[in-house]
Amino acid sequence: MQNPIKAARKRKDIRSNDALAGILMDTYPGVFTIDNPRTLSKMIGALDRGDPTWWLNRPDETQHLVEYLELDINDLNLEKKTGRHTFAPPMFPDFPALALQREATWVIGEAKKMENNAPVGPSRYYSKPTLDFWLTPGALGVGPSQTQWLYVPDHIEFDLLTRKLDAVSHHHVVFEATLDGVLDKHLDYLHHQKPLVVVLRDDATGEALQLVMQHRQGAPLLIISPWPMPSLPEANASVQGRGAKLVKRLELESWVWTLLPNWRELLLTWVEQRLNKAGTETSFSSAGAQQLLNKFDPSGQWFTQVEDVLVLAQAVSEQGERKLAAAVGRGTDLSALLNLLFNRKEADLSLTERLVQARWTSWHLPWSGELSQDDWATLANGVCQFDVLLAHFITRTGSAYDFKRPVVIRLLLRNYLTRQLIEGKVGAWMPACFDEQRRPFLDAAFDALSISELEGVAVHLGTLLADPAYLGAGEALFAAVGRRLVRGETMGNTLPRLLGPVVSRLRREQDVLIPYSRALHTPASQVEWIAICWAWSLRTEPCDGVTSSWQFPSWFETLPDTVPNWLNSYGASYSSYSWDRLPLPLHDFLRIVRHWLTMLETAPQYDKMAPVFVAGLLAQAANKAWVAQPDWWYAVIGNPGAEQALLDVVVSDRARTNHEIALAWWPSLVAYRHRQFDQSSSQSSQFGAGLFTRHSADYHYSPLLAWVMEQLEQDAERALSELANEDLVFLARHPGLLSTPFKRQLLTSVPTMQGLSLFPFEIAGFLFAYGPDTSLDMEALLDHPDLGRRAAECLWNWAPRKAALLLSSQHLPPLAIKNLLVTSPPSAVGAALAALRQDTQLLTQTERSEWAKDRLPDARQHAPELLKLVVVPHLTAVV
């Protein structure tokens, strides 16, 4: 039956799919939990046109649709496709469904092993731990001997990751709601020693986990859950002997799926590529969506989940970025934005706004996480009854309740907080300064204000900033302005004048001034705070009484000769402050360091310099403030985060062209690689040891070095002329996988290169390292007294047609023709004999004889002519 839903709508006098979607969501609120009725409307339309992808994975929604419309389920053609291995996020109906068995998915997160509530990174002796055995299709190796628990807090990532594993993994995957269900239904799999993946939906107890581990007996087991790993119970005192030892021997690892720092940008870029590949008619632009996020949510506090960004992507796809930008630009009025994102009218949000305000100002209750039924009833007192609250606003999470649609709640909170800040209602936000859960949202609300609005907040506070009771408010405003300065924004004199007293009241802990209102327990928060202080010192006048020179460097004419230890670790590999752990905070701090260095006439030198300082020196070297030194690269090369941050800083600055930046770095980079090679006993002594590989999977790959070479490819001759002779010789001997223009230019300079000496046995390997893409340049070496013969061999191997043409050439020197002749393969005997006929003096009689004898066995029609060249000894007749 064609368009069965449209026909059913007409029977029930329902005008459109939009109206039907609204009716279904109101009639069955516990079933149709989609945020946006427009999204459900699109899914209904797709089903009516014969595309059941979204509905195949949602039997409850399908059944309620069929029942309400009084349809025969067979009319919907639900068997046209298989939905088990397809992925179609419901909040993004314009997204073409993914076939998980054959299509690649986005990569925006990674599994991190946790120890003592901190991620385990690489060390000097160990590589970074991974779950590749489980998560990489076709991965080989011995399975882990312990149970591994992977906590995936983002529900879209959880859904995609687990369904992708089910589609492509060669391990057995079991889906169950609880561990008790696994024990009841899959005991045979638990007892088997083959690797097993268990996907859970609900929370688990430590007792159930321990029982599962006992059944597994150390066989490889991965448990993936949207809930954190429970703690195992202490060994039962009544367990004796062998049983007690068994419990004690069980090993358990905790892993957390973490979104990458730039996950939003990666996701939006991937979505645009997929929409373009599928030919989807859409207004979506990843650049436009990213620009909206940068403007509306620079701190990443409001759109924090994958679902949130996909909701935004659908709105951009459907409405266009201009409408969204206009809605974002309406200040504290978010009604237009919420309508575009969720099709929610302002009247629909009034009760939700009151609940958000009630929970935010209930300072005795946590802002994030679940609350008991009694707490929610208290919050809803005077707003609505608990049954209404449960039906429309909150949802059960385990044993308690939380807000139903987090992104809507966060956006309404942003609206509320920015309004309170602008209106000067300090009591609505000041307690949050001393609240670990609420403070990040307050900071993000400050980030949503303009500089003039921040000045307004400071003016509202006025003399209160000198009151110790308002210490937290002053520190919050000081940090908010500092984050703007880190991003390069400018401000007038009002804020420095009003916030000056804040610096004088910071408390000293060892050598650092820190705020009272925010704990700097994490490396990220520490780097952010130091960057804020540096930014204040670089753009404001000195504050009286401050003695922490390295925290406010521009307030001092001279700095101590020694950099403090707390600063020296910034960017250091294998530390808590490494680039791979803190890419965004260190990236921001690098911008501030570079700004500080622009104020200096010469490059500062200290006994120990933080790697982030060294990156700043290189950034200034790119701007030709001074010459880059080879030793500086040890702090950057081999660290992808540092390399990318340095590139971002210098390229976005636009003070120099990319070509000028690359040319400024190139000599020191080659000299650095030269020293690195000489110092490393593990390097291969063979030519082309991969020092300059452009393949990202290779051990020596450097994205920065690859970028530099790419910028210089069209000017390779000049780039090579900038090198010191010893570095040029090093590069000639070890081209690795240099780009073709560099290798070709190197080959042309080999005959006249000073200091290049090769033993005879080295010549073949030397030329072979340049590879087939330089075959045409071997012609210049054919008459070289030492390299000519090997160059001819390379030419015959890589470009035999070119070699045959050159052999018959009239303009090549005799030595070049001779080398081509003596190295010619049997297939080129005819061309070689023609060359000999042209110049009989190319070879001596002995050389001609030996050459001919080597080719006789397969000479065919050329055998008679070759026999004439062979010196055959006379035989004495036997009588």
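A cavity is taken here, on a 1 Å grid over the protein atoms alone, as a set of points where a 1.4 Å probe fits but cannot get out, and its volume is the space filled by probe spheres set on the points, with grid points joined across faces, edges and corners. The structure is a predicted model, in which local features need pLDDT of at least 70 and side-chain atom pairs count only at pLDDT 80 or more, while totals for chains, interfaces and linings use all residues. Residues are numbered from 1 along each chain as its sequence is written, and side-chain values use heavy atoms, with hydrogens and water left out.

A search of the whole structure finds 2 cavities of 30 Å³ or more. The largest cavity holds about 50 Å³ of space. Its lining (residues with an atom within 4 Å of a point) consists of L292, L293, F296, F303, L312, L324, V328 and L337. Helix 13 (286–296) and helix 15 (321–328) each supply at least two residues of this lining, and helix 13 gives the largest share, 3 residues. Helices (H or I, at least four residues) and strands (E, at least two) are DSSP runs, numbered from the N terminus.

Strand 8 (residues 221–225) is mostly covered, with 5 of its 5 residues buried; buried means under 20% relative accessible area, with a 1.4 Å probe and protein chains only. In a regular strand, side chains alternate between the two faces of the sheet. In strand 8, L221, I223 and S225 point one way and L222 and I224 the other, and all are buried. Two strands are said to pair if DSSP finds at least two bridges between them. Strand 8 pairs in the parallel sense with strand 5 (residues 147–151) over 5 bridges, where I223 is the bridge partner of W149. Strand 8 also pairs in the parallel sense with strand 7 (residues 196–200), over 4 bridges, and there I224 stands opposite V199. Strand 7, helix 10 (residues 206–216) and strand 8 form a right-handed β-α-β unit; right-handed means that, with the strands pointing away from the viewer, the path from the first strand over the helix to the second runs clockwise.

In helix 1 (residues 4–11), the buried residues are P4, I5, A8 and R9. These residues lie on the same side of helix 1 because they cover an arc of only 135° around the axis, the arc being that of the directions from the helix axis to the C-beta atoms. The cover over the buried residues of helix 1 includes helix 2 (17–27), helix 3 (37–48) and helix 5 (59–69), where contact means heavy atoms within 4.5 Å. Just after helix 1, D13 takes a positive phi of about 60°.

Notes:
Buried means under 20% relative accessible area, exposed over 50%, partly exposed in between (1.4 Å probe, protein chains only). On a 1 Å grid over the protein atoms alone, a cavity is a set of points where a 1.4 Å probe fits but cannot get out, and a pocket is an open set with protein on both sides within 12 Å along at least five of seven lines; lining residues have an atom within 4 Å of a point.
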